[in-house]
Amino acid sequence: MKLVALSFLVGAAVVFLVMSLWPGEPAWTGYVRAAAEAGMVGALADWFAVTALFRHPLGIRIPHTAIIPTRKDAIGNSLGDFVGANFLSEQVVRERLRRVGVASRLGAWVAEPDNAERVTAELATVVRGVVAVLRDEDVQAVMEQAVVKRVVAVPWGPPLGKLLAGVFADGSHHKLVDLVCDRAYEWVKDNHSTVMRVVSDRAPSWSPKFVDSMVADKVYGEVLSFAWLVKTDPNHPMRLAVDKFLAEFAADLQTDPATMERAEAVKQQVLAHPEVQNVIGSAWSTAKRLLLDAAEDPSSELRKRVREGLISLGRRLTDDDTLRDKVDSWVEGAAAYVVVNYRDEITTLITDTVQRWDAEETSRKIELQVGRDLQFIRINGTVVGALAGLLIYTVAQLIL
């Protein structure tokens with residue numbers, strides 16, 4: 001294109017030279033010479049203007065030439081300001097997102113089973129990557145910090161007492177009491193010799209053996225009868241005493257300082273137990289293994305539920321106007337927040353990038369992109385200049 005533009009300038013110069021040397025100089029040669037002369041002037045002026053954008057014409061450092069290399073940083077700043085003002089304004093972003101309808105499009109896309117499977121696979125890849133990056137000791141430390149210390153910090157007495165009070169009030173503990181009573185009766189029934197031995201051992205040394213046996217039999221019979229009554233009578237005083245004791249115990253856990261202190265001591269003993277510590281230490285390893293297995297297996301319950309959840313969410317976004325409007329509002333709010341609070345950082349990316357460019361390289365790249373159109377300016381300058389020169393010469397001849 002430079003050669004084409006140059007050929008127009010050379011053509012005008014040749015015509016001007018020929019017309020200037022034309023023998024006899026007839027009247028019509030003046031018109032042609034004027035057009036060629038003006039065409040040369042227009043071509044040279046536009047060549048200067050186009051060249052001055054990218055370099056100093058003929059290497060001469062004329063003021064206000066080589067504009068792009070010398071003003072590169074200023075152009076980058078202006079471009080960043082322009083983008084920030086016209087593209088990264090809150091109103092523009094909100095209007096654009098509102099026209100796009102993010103929730104509707106996203107819902108229609110995710111509702112397709114193949115797309116939901118694709119998203120699930122990508123999420124599984126992310127999960128595997130995150131789990132692989134995390135160090136076990138760091139996660140365990142976080143779990144101990146977040147879980148164990150939180151458990152230690154919260155008193156067990158009041159919440160446990162409230163829970164037990166509800167259980168005891170509903171009578172849910174009666175089955176456990178029945179089980180204990182059944183076991184107690186069975187034990188007494190099956191341990192006649194043990195009861196006999198205990199009574200004999202407690203008898204005075206001077207007591208005759210047959211008396212000890214009679215007393216032991218009597219005690220055994222009474223104990224067995226008592227155990228049977230407790231087992232079979234739901235309103236037995238022993239059962240009522242147990243209910244009363246449990247209710248009082250639940251109340252003490254909530255109000256009695258001594259009982260609450262003892263509950264805290266039990267809590268510390270439980271948490272300090274080696275088996276409990278082992279469970280806490282191995283919790284992350286177990287969870288990690290289960291998570292990796294579920295993420296890698298396309299038929300796992302986890303991936304199946306995630307996939308079904310995505311499909312369900314997509315259908316809801318498509319059919320539920322309220323949910324769709326709510327999601328669109330969230331998206332608009334998030335985008336507006338980013339634009340309002342981080343607009344300068346985004347535009348700085350443009351300005352910093354332009355500043356890092358080499359001036360000469362930048363000028364060359366821009367010239368390659370728009371140079372073809374700029375050469376048409378030179379061509380048009382030659383043609384328009386020739387026509388203007390012809391018109392001016394013609395008017396001058398008519399006037400004079």
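I began with the term helix: helices are DSSP runs (H or I) of at least four residues, numbered from the N terminus. The model is predicted, so I took local features only at pLDDT of at least 70 and side-chain atom pairs only at pLDDT 80 or more, while totals for chains, interfaces and linings use all residues. Residues are numbered from 1 along each chain as its sequence is written, and side-chain values use heavy atoms, with hydrogens and water left out.

**Entry 1**

Is Trp22 buried, exposed or partly exposed? I use these cut-offs: buried is under 20% relative accessible area, exposed is over 50%, and partly exposed is in between (1.4 Å probe, protein chains only). Trp22 has 34% relative accessibility, so Trp22 counts as partly exposed.

Next I checked the surface patch that includes Trp22. Patches take residues with over 30% relative accessible area and no salt bridge; nonpolar side chains (Val, Leu, Ile, Met, Phe, Trp, Tyr) are joined within 5 Å, like charges within 9 Å. The areas come from the Shrake-Rupley method with a 1.4 Å probe, and for residues only the protein chains shown count as cover. Leu3, Leu6, Val10, Val14, Val18, Trp22 and Trp28 make a nonpolar patch of about 650 Å². Helix H1 (residues 2–20) gives the most to this patch, with five residues.

**Entry 2: helix pairs**

I then looked at how helices cross. Axes are lines fitted to C-alpha atoms, for helices over the stretch in contact, and angles run from 0 to 180 degrees between N-to-C directions. The axes of H1 and H2 come within 8 Å and cross at roughly 150°. That makes H1 roughly antiparallel to H2. The cut-offs are under 35 degrees for roughly parallel, over 145 for roughly antiparallel, 65 to 115 for roughly perpendicular, and oblique for the rest. H1 passes H2 in a left-handed crossing. Left-handed means that the near helix is turned anticlockwise from the far one by less than a right angle; clockwise is right-handed.

Helix H9 (residues 157–170) packs on helix H13 (residues 237–255) at about 155°, with axes 7 Å apart. H9 is therefore roughly antiparallel to H13. Their crossing is left-handed.

**Entry 3: positive phi**

I looked up Leu58, which is not a glycine but has a positive phi of about 55°. Leu58 sits in the loop between H2 and helix H3 (67–70). Leu58 counts as exposed, at 73% relative accessibility. His64 is found in the loop between H2 and H3. Its phi is positive, near 65°. His64 is exposed, at 75%.

**Entry 4: salt bridges**

How many salt bridges does a search of the whole structure find? It finds eight. Each is a side-chain nitrogen of Lys or Arg within 4 Å of a carboxyl oxygen of Asp or Glu.

I looked up Glu90 and Arg94, whose closest N and O atoms are 3.1 Å apart. Both lie in helix H5 (residues 90–100), four residues apart, about one turn of the helix. Arg94 also meets Glu332 in a salt bridge of 3.7 Å, N to O. That pair links distant parts of the chain: Glu332 is in helix H17 (residues 321–356), 238 residues from Arg94. Glu332 counts as buried, at 10%.

Last, I checked Arg303 and Glu117, which meet at 3.4 Å, N to O. Arg303 lies in helix H16 (residues 301–319) and Glu117 in helix H7 (residues 113–133), 186 residues apart. Arg303 is buried at 7%.

Methods. Helices (H or I, at least four residues) and strands (E, at least two) are DSSP runs, numbered from the N terminus.
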